[in-house]
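Visitor: I have a structure to look through. Could you take me through it step by step?

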Amino acid sequence: MKKLVIIPAFNESANLASVIADIKTNAPGFDYIIINDASTDNTKEVCEKEGLRYLDLASNLGIGGAVQTGYQYALNEGYELAVQIDGDGQHKAESLVKLETVLKAENCDMVIGSRFIDKKGFQSTTLRRVAIKWLSGLIRVLTGTRITDPTSGLRLCNRKVIAEFAEKYPWDYPEPESVTGLLARGFKVKETAVEMRERQGGKSSISKPLSAIYYMVKVSLGIMIEAIGGRRKK
Amino acid sequence: MTLKIQIIVIAVAVLAIVFTTVLIKKDRLGLKIAMPWLVVFVLIIIFAAIPALMDWFSNLIGIYDPVNMVLFIAGIFLMIIIYSLTMSVFSTKKKIRDLIQKVAYLESQIKKEKENEVK
């Protein structure tokens, strides 16, 4: 079975090599593809020098467009499973194996790695947890499904979902919106407990108060729009 | 409306039509996208040439002052044009995104082919 790890990278030259090494040792059945989202550092040079497999975006598309490029690659190259992980080393490659086991055992379309089931590892700040609780509650009310960590960037999906995402994927802060879209269209989404590390380098894109407000408004609206016309599970 | 302002308004509108036509001719504007503006300029000329028409029309839609009617209609027209611009900006963005994604994939395919040739 062909399995692909999608690694969106914007200025991640410091972390990429260790992320790839982690995948090769702890998730050996997975191929990987790095999406260089027009990085302004030497991410591209690092990929060339280390002989890493990468796609090079001519202009910066943001996280949504970059991840979508990965799903399109998975679709074109005939991958049956694809998983996205962050390029900053927050996610552990050993989790990929667990996600795959759960996807097969539960026979579902997507498995999300959640920090908040076992509450182990890096738990994010209080304010962020409150925000995630709100999004999680919104998704539960609108779709009837409980997703404890809708913002998780660690998600494994099957070929049906790969095709969906290759066709349509949100532009920015895509995770909660795209999960809601899947649930509304009747896909089966499960969660499993994973541990995450604190980000190794770089800064979160939503650390300023204004961008936090923008984030909450945009993502909440996105969830509501995606849920319109969906089937609510009883 | 004094004759003076009538002439000024008509002259400006005619100039705007000439300007737009020249741009279309030089391929710096598309006829389809410029058409709403051409319609606006022609309407301005008609109303400036026959002010009685403006009184008649504002009466018709129940606005006392013709000036208010002009502002009201101008506002609505601008909203429609700007909204359609917002839509076309998004569709342009989407087309560019699709191109960037496709180019990235094709580039990687070319690279792969080349590597295979070397081997």
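Guide: A term comes before the first result: a residue is buried if 20 or more other C-beta atoms lie within 10 Å of its own, exposed if 12 or fewer, and partly exposed in between, with C-beta atoms placed from the backbone. This is a predicted model, in which local features need pLDDT of at least 70, side-chain atom pairs count only at pLDDT 80 or more, and totals for chains, interfaces and linings use all residues. Residues are numbered from 1 along each chain as its sequence is written, and chains are lettered from A and ligands numbered from 1 in the order in which they are written.

Visitor: What percentage of the 119 residues of chain B count as buried?

Guide: In chain B, 6% of the 119 residues count as buried.

Visitor: And what share of chain A is buried?

Guide: Chain A has 234 residues, and buried ones make up 46% of them.

Visitor: What radius of gyration does chain B have, against that of a compact globule?

Guide: Chain B has 24 Å, whereas a compact globule of 119 residues would have a value near 14 Å. The radius is taken over C-alpha atoms, and the globule rule is 2.2 Å times the number of residues to the power 0.38. The C-alpha trace of chain B spans about 85 × 30 × 15 Å along its principal axes.

Visitor: What does chain A give by that rule?

Guide: Chain A has a radius of gyration of 17 Å, which agrees with the value near 17 Å for a compact globule of 234 residues. Its C-alpha trace spans about 50 × 40 × 35 Å along the principal axes.

Visitor: How many of the contacts join residues at least 24 apart in sequence?

Guide: Among contacts between residues at least 6 apart in sequence, the share is 44% in chain B and 79% in chain A. Two residues are in contact if their C-beta atoms, placed from the backbone, lie within 7 Å.

Visitor: Where does helix 2 of chain B bend?

Guide: Helix 2 of chain B bends by about 25 degrees at B:W37; the bend is the angle between axes fitted to the seven residues ending there and the seven starting there.

Visitor: Turning to helix 4 of chain A, which of its residues are buried?

Guide: The buried residues of helix 4 of chain A are A:S95, A:L96, A:L99 and A:L103. They lie on the same side of the helix because they cover an arc of only 100 degrees around its axis, where the arc is that of the directions from the helix axis to the C-beta atoms. On the other side of helix 4 of chain A, A:T101 and A:A105 are exposed.

Visitor: What covers those buried residues of helix 4?

Guide: The cover includes strand 1 (3-9), strand 4 (81-84), strand 5 (110-114), strand 6 (155-158) and strand 7 (189-193) of chain A.

Visitor: How many residues of the two chains are in contact with each other?

Guide: 12 residues of chain A are in contact with 8 residues of chain B. On the side of chain A that touches chain B, helix 3 of chain A gives the most, with 6 residues. The residues of that side divide into 5 nonpolar, 6 polar and 1 charged. Here Ala, Val, Leu, Ile, Met, Phe, Trp, Tyr, Cys and Pro count as nonpolar, Asp, Glu, Lys and Arg as charged, and the others, Gly among them, as polar.

Visitor: One more topic: where is B:D27, and is it buried or exposed?

Guide: B:D27 is found in the loop between helix 1 (3-25) and helix 2 of chain B. B:D27 is exposed, because 7 other C-beta atoms lie within 10 Å. Its phi is positive, near 65 degrees, in a residue other than glycine. Most residues other than glycine have a negative phi.

Key
Helices (H or I, at least four residues) and strands (E, at least two) are DSSP runs, numbered from the N terminus.
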